Amino acid sequence: MALNTFGLVVNLLNVACSMYKGYDFNSLCVDKSGRLLAAGDGGIYEVGGDTDDGELIPAFFELPTNSFGSDKVKRIREVIVTGETDGELFVSTLVDDADNRRVVGPLEFNGNNRQGSSEVVVDRAQEGVHWSIGVGNSDSEGITNGADFSVDSISVMMIVLNKLNVRYALRRG
């Protein structure tokens, strides 16, 4: 499987896009029954199921970087995720586009395939102006549990510190 490939699928009804990374296919389509099909040198495949040729499927998404309307340095103390999962989920945080991604969790939902809300505490050492929050089914060591999930909302409890980020202030002007 080529890890440097990706495919884009566009829902023509609402113009929503989905990106499929790491698939060694040259085309993707959805048939009349709603199945996602992919074609490559080895033939035509249905994309779906709980495993990829017997391997658990890693899943992850990251929200766009956000300054939450303030140029001041912030700490996020807690991330609250509402959604549904059949396994453990983990939250990751990235600050000021640095090489400082941290994975915290797991989120504790009430049983398998239950709708619920869960929160995780974020390390106090992480602070910055711009934050990005991600959710996935792999822990801090990259071990995937293959959990299926959907997220309805993400909220944060934030502390705005009484200081400006000097690097950010100098860049702006």
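How many of the 173 residues of the protein chain count as buried? I found 27% of them buried, where buried means under 20% relative accessible area, exposed over 50%, and partly exposed in between (1.4 Å probe, protein chains only).

A note on the source: this is a predicted model, where local features need pLDDT of at least 70, side-chain atom pairs count only at pLDDT 80 or more, and totals for chains, interfaces and linings use all residues. Residues are numbered from 1 along each chain as its sequence is written, and side-chain values use heavy atoms, leaving out hydrogens and water.

Then I turned to a sheet. Four strands form an open one, ordered E8-E13-E10-E11, with antiparallel pairing (two strands pair if DSSP finds at least two bridges between them). Strands E8 (60-62) and E11 (102-107) are at the edges with a single partner strand each, so one side of each has no neighbour in the sheet. I noted four bridges between E10 (residues 89-95) and E11; Ser92 has Val103 in E11 as its bridge partner.

Last, I searched for aromatic pairs and found two in the whole structure (ring centres of Phe, Tyr and the six-membered ring of Trp within 6.5 Å; planes under 30 degrees apart are stacked, over 60 edge-to-face, the rest tilted). Phe25 and Tyr45 make a tilted pair, with 5.6 Å between centres and 40 degrees between planes. Phe25 is partly exposed at 24% relative accessibility, and Tyr45 is partly exposed at 38%.

Conventions
Helix = DSSP H or I, 4+ residues; strand = E, 2+ residues; numbered from the N terminus.
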